Amino acid sequence: MLLKGRVYLSKNQFNEAQNLFQAYLKDNPKFPMGHYLLAMAYFGNRDVQQAKASLAEAIKLSPKWQEPKLLLADSYLREGAYDQAIDQAKDILKDNPRSTQAYMVMGNAYMLKKNISGAAKTFDELTKIAPNNPVAYTQQGRILLIQKKEKDAMAKFEKALSLQPNYIEPLQYIISIYM
């Protein structure tokens with residue numbers, strides 16, 4: 001049943017997936033993966049509140065499982081609940097201090113809150129644990145641009161490009177500096 005529901009998810013048949021996962025969870029209410037998959041179906045149907053409730057249940061049933069926590073943190077970020085996104089990311093980092101995804105969510109939340117020092121610190125930490133992550137260097141460059149440090153920003157964007165030459169975003173920032 002779960003496999004069939006995953007197939008429905010992959011085909012963007014979210015109503016069918018939702019119905020299957022709900023039926024499965026009636027018989028298996030303590031199965032965290034079922035709640036996680038149901039959340040995916042809810043998200044596909046644009047029912048964010050139900051999706052978050054399903055993710056919360058998956059987290060309650062399996063507190064160390066990171067995927068539902070990351071999806072919940074990202075959901076908070078997308079809806080503008082930046083403090084909740086940061087809290088969720090920090091919770092993930094307690095169990096996995098090397099979670100690059102948690103650092104990305106947290107850093108982006110700080111950026112969106114206009115907490116530049118919090119964002120800078122977060123992306124600095126990310127480049128320490130993931131020195132080959134071009135997105136982290138791009139975000140550092142964006143912060144440096146905000147701080148009017150174009151030369152330092154350029155170095156970060158060039159570093160990002162050296163790690164991933166076909167990465168467009170840092171290239172766009174470099175072009176904007178020269179314009």
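## Helix 1 and its buried side

In helix 1 (residues 2–10), Leu2, Gly5 and Leu9 are buried, where buried means under 20% relative accessible area, exposed over 50% and partly exposed in between, using a 1.4 Å probe and protein chains only. These residues span an arc of only 60° around the axis, so they sit on the same side of helix 1; the arc is that of the directions from the helix axis to the C-beta atoms. An α-helix has 3.6 residues a turn, so residues three or four places apart point the same way. Helices here are DSSP runs of H or I with at least four residues, numbered from the N terminus.

What do the buried residues of helix 1 pack against? Their partners are helix 2 (14–27) and helix 3 (32–44), with contact meaning heavy atoms within 4.5 Å. On the face turned away from the buried side, helix 1 carries the exposed residues Leu3 and Ser10. Just after helix 1, Asn12 has a positive phi of about 60°.

## About the model

This is a predicted model, in which local features need pLDDT of at least 70 and side-chain atom pairs count only at pLDDT 80 or more, while totals for chains, interfaces and linings use all residues. Residues are numbered from 1 along each chain as its sequence is written, and side-chain values use heavy atoms, leaving out hydrogens and water.

## Helices 4 and 5

Now look at helix 4 (residues 48–61) and helix 5 (residues 66–79): their axes come within 9 Å and cross at roughly 150°. Helix 4 is therefore roughly antiparallel to helix 5. Axes are lines fitted to C-alpha atoms, for helices over the stretch in contact, and angles run from 0 to 180 degrees between N-to-C directions. Angles under 35 degrees count as roughly parallel, over 145 as roughly antiparallel, 65 to 115 as roughly perpendicular and the rest as oblique.

Which residues of helix 4 meet helix 5? They are Val48, Gln49, Lys52, Leu55, Ala58 and Ile59, and they meet Pro68, Lys69, Leu71, Leu72, Ser75, Tyr76 and Glu79 in helix 5. Sorted by class, the contact of helix 4 with helix 5 has eight nonpolar, two polar and three charged residues. Here Ala, Val, Leu, Ile, Met, Phe, Trp, Tyr, Cys and Pro count as nonpolar, Asp, Glu, Lys and Arg as charged, and the others, Gly among them, as polar.

## Helices 7 and 9

Helix 7 (residues 100–112) and helix 9 (residues 134–146) pack at an angle of about 15°, with their axes 12 Å apart. The two helices are therefore roughly parallel to each other.

From helix 7, Met104, Asn108 and Met111 meet Val135, Gln139, Arg142, Ile143 and Ile146 of helix 9. The residues of this contact divide into five nonpolar, two polar and one charged.

## A buried alanine

Leaving aside neighbours within four places in sequence, Ala85 is in contact with Ala73, Tyr76, Leu77, Val105 and Ala109.

## Exposed loop residues

Arg46 is in the loop between helix 3 and helix 4, and Arg46 counts as exposed at 75% relative accessibility. Its phi is near 60°, a positive value in a residue other than glycine.

Lys148 lies in the loop between helix 9 and helix 10, with phi near 65°. At 72% relative accessibility, Lys148 counts as exposed. Asn166, in the loop between helix 10 (150–163) and helix 11 (168–178), is exposed with a relative accessible area of 60%.
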